[in-house]
Amino acid sequence: MSAVPITAAEQTVLGACPHDCPDTCSMLVKVRDGKVTGVQGNPDHPFTRGRLCTKTNHYQERVYHAERVLYPMRRTGPKGNAQFERIGWPEAIDTITSRWKGIIKEHGPTAIMPYSYLGTQGLVNGLTVGDPFFNKLGATISERTFCDSGACTAYIMTVGPTPGMDPESFQHSKLIILWACNILSTNAHMWPFVEMAQRNGAKLVVIDPVRTQAAQVADQHIRIRPGTDAALALAMMNVIIGEDLVDRDYVDNYSVGFDELAAHVRQYTPEFAAEATGVPAEVIRQLARDYAKTQPSAIRIGVAIERSAGGGQLVRALTCLPALVGAWRKPGGGILQLPLWAFPMNWPGLHRADLATPGTRVLNQWELARALAGDLGLDPPLKSLFVYNSNPLIVAPDQARLQRGLSRDDLFTVVSEHFITDTARFADIVLPATTQVEQADLMFSWGQLYLTLNQQAVPPLGEAISNSELFRRLARAMGFDDPLFYRSDEQLMQESMDWTSPALQGITMESLKEKGYARLNLPSHDEYAPHAQGNFPTPSGKVELKASMAAGGNFVLPVFRQGSNDHQDGGPVHALPTFIAPRESQPASAGQGARYPLSMMSPKSHSFLNSEYANIRRQRAHAGEQFVMIHPDDALSRGIAAGAAVKVENSRGAFVAVAKVTDEAMRGVVIAPMGQWMSTSRANATPAALNPIAYADLGRAPTFSDNLVQVSLA
Amino acid sequence: MPHVVTENCDQCRFTECVTVCPVACFHGDQTHLYIDPDVCIDCGACVPVCPVKAILDSIDLEPAREHWIALNQERAKALPVVRDKTEPLPTAAATRESLGL
């Protein structure tokens, strides 16, 4: 990007929110005297419409926070104590690469592992920024199934990598189901399109164990036991097929496997589903009828829907539903899962998996605690961890074990960060990373159809550098001579996508610099019905009610594993959507259930973005202390009054929270939003301490909503 | 800790705020608007569009103005939702001028 002029007059720079959120806001950055004075949503943007959110409205407070990491530092005290001293960049890079050269010599390069995700989700500094480097280094490949991997595997098996619905087209829907989607906290810029439909007479149904804010204004809220939604979806199919509410013409022309599906779902009666889900059979019947008869109907699923033992098959079932009722025929009908597939990404060029040694081992990031503890029998063991764009101590499961692993003296840990997070406290070397206003980036979106350019607004603070620059420096010190490691940010943007693709026709870097964003070259929301006549990018070209890809076994999309397709899971997959009961959270699970009788869910906090902002005064004031929502009956039987300090525990760990006694939680289910830091929590532990290291049936999604706990007075 | 409407709204009632609020959390009487803290999502969309800078994140209130938190809660619950823009009060322009805005 061009140099940033420093003048006395206030300037507005066109930016973009960097966060791992479906909305990807176009952001106006106000700059005076080389300093960001404020940020604001871009009122011209048709999707984000001039709003940011409670996380980012005062982004400058993050940028200029007194505790920003501004210089490279090395550890001077015991691991975990956060005692560091400033060093220079040459020393930092030399220390890292010298240690790595030694580790490679002694143990081989797979003793090194990168740990990262979407701390910033730009194409330059986000998901793939370190992949070419680590693939070339020969490090253990990180399988990053934080978010939507299980749902993506299921969705692609069913309808292929299609954008699906345009979120803006929800305004044309006649019936909307928000299924496990806390839209006003985690997808808030889509809400006006849903609300517009509702005001125009559409019925809004929310299916969620939690009485979310959207549930409170919905026409119908169906409360369901966590992880049992597939039984509900399959029973809807049972009714739709049994009562002849199927769009036969659509099914005959644009789907495969209907007859087998029809026979298969006979077992999933509404009575069966009522038993599994806690939703009355008559409610299920009526929902099925409403869904089938009210067209166009739309389903919006949230990310966390995948987080139980059968989460993958649940998404298979939900992705089959629109085809059965012909919902895809019109704008405003279908399902919205991940419109990322609309962007013509050059994934191979971003990952450069071709640089990796074939057969290099792959390790799923959810297993980090086990890997560091030596429980996986890794040979060679992990000797170095390079963490960027992530804070594993708060997001990864089995927190107490992970903390012990990070304390290992023989583990060389590097963390690139904005702040000394709980994870950074254990680093040997801490590196200062730029925030979004100090770097340039190009943003895709996984929740809408606009490409957004983030232009650099101010010079980096202190000695902070962008992730792209970090990997240029590391490549130089490792002696990598391929010019691809030294591409400029603008080159990286140019090479990140296929600009000749129809979706980018009429969009150039120049037009993006001018306007800040561009809608992909797709029909407008009132015309966009990509599957009105089939055209599904599946092996058969049709909706695969019976999935041919199931024959290949379970897999994680290469995009979630540095581009690698080696060592895939390969476990058996039901070709027809099938109900898989929760592993832990079953009403009848007597053994563990007796000791830990409550299901726990740990959704995203309204005011934090995972653990980001949980150290900032404003967002902390909005969020309050770590709380756990518990139904009044469950509180009463435990002698818990509102506001009491309670201990939430299971066999894996415990944390302390303030009890919020409310029927926003259903009986038997407690809700503990994640994001708070260990270092500011009462018992130095957060909800991740209770989360299991266990996978859902597809795409190695985690099972954080399939988790039994007990709550008692602290 | 919600957003609140403060004294600058009084005798103005420009109502730009209600046109950008995604959750219809504004309530009002003839002279003043109030935010329902149980509905507001703290998105802040209303803050820059208010011509008289009447809306603040409650964390930014100086101690002498913190009574606006309780007042917004109380009045919002008692008054009807305002979601359509209306003409500013006749006193609005003068009030704005007197505020130097």
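Visitor: Which domains is chain A divided into?

Guide: This is a predicted model. In it, chain A is split into domain 1 (73–146 + 343–436 + 459–485), domain 2 (149–340 + 540–560) and domain 3 (590–713).

Visitor: How many Å separate the centres of domain 1 and domain 3 of chain A?

Guide: Taken over C-alpha atoms, the centres of domain 1 and domain 3 of chain A are 29 Å apart. Their contact takes 19 residues from domain 1 of chain A and 20 residues from domain 3 of chain A.

Visitor: Which helices of chain A supply at least two residues each on the domain 1 side?

Guide: On the side of domain 1 of chain A that touches domain 3 of chain A, these are α15 (368–373), α16 (392–395) and α17 (399–406) of chain A. The largest share of that side comes from α16(A), with three residues.

Visitor: And how do the residues of that side divide into nonpolar, polar and charged?

Guide: The side of domain 1 of chain A that touches domain 3 of chain A has nine nonpolar, five polar and five charged residues.

Visitor: Switching to strands. What is the order in the open sheet of three strands?

Guide: The order is β18-β19-β20 in chain A, and the pairing is antiparallel.

Visitor: Why is one side of β18 and of β20 of chain A left without a neighbour in the sheet?

Guide: Because β18 (441–443) and β20 (517–519) of chain A stand at the edges, each has a single partner strand, and one side of each has no neighbour in the sheet. From one strand to the next, the twist averages 15°.

Visitor: How many bridges join β19 to β20(A)?

Guide: Three bridges link strand β19 (residues 450–454) of chain A to β20(A), and the two run antiparallel. Leu451(A) stands opposite Ala518(A) in β20(A).

Visitor: Now the helices. At what angle do α8 and α13 of chain A cross?

Guide: Helix α8 (residues 229–242) and helix α13 (residues 311–324) of chain A cross at roughly 25°, and their axes come within 8 Å. Angles under 35 degrees count as roughly parallel, and α8(A) and α13(A) are therefore roughly parallel to each other.

Visitor: Is the crossing left-handed or right-handed?

Guide: α8(A) passes α13(A) in a left-handed crossing.

Visitor: Which residues make the contact?

Guide: From α8(A), they are Asp229(A), Ala230(A), Ala233(A), Leu234(A), Met236(A), Met237(A) and Ile240(A). From α13(A), they are Gln313(A), Leu314(A), Ala317(A), Leu318(A), Leu321(A) and Leu324(A).

Visitor: How many of those are nonpolar?

Guide: The contact of α8(A) with α13(A) has 11 nonpolar residues, along with one polar and one charged.

Technical notes:
Residues numbered from 1 in each chain as written. Chains lettered and ligands numbered in written order. Predicted model: local features only at pLDDT ≥ 70, side-chain atom pairs only at ≥ 80, totals over all residues. Domains from an automatic or database assignment. Contact = placed C-beta atoms within 7 Å. Helix = DSSP H or I, 4+ residues; strand = E, 2+ residues; numbered from the N terminus. Nonpolar A, V, L, I, M, F, W, Y, C, P; charged D, E, K, R; others polar. Pairing = 2+ DSSP bridges. Axes fitted to C-alpha atoms, helices over the stretch in contact; angles between N-to-C directions. Parallel < 35°, antiparallel > 145°, perpendicular 65-115°, else oblique. Left-handed = near helix turned anticlockwise from the far one by under 90°.
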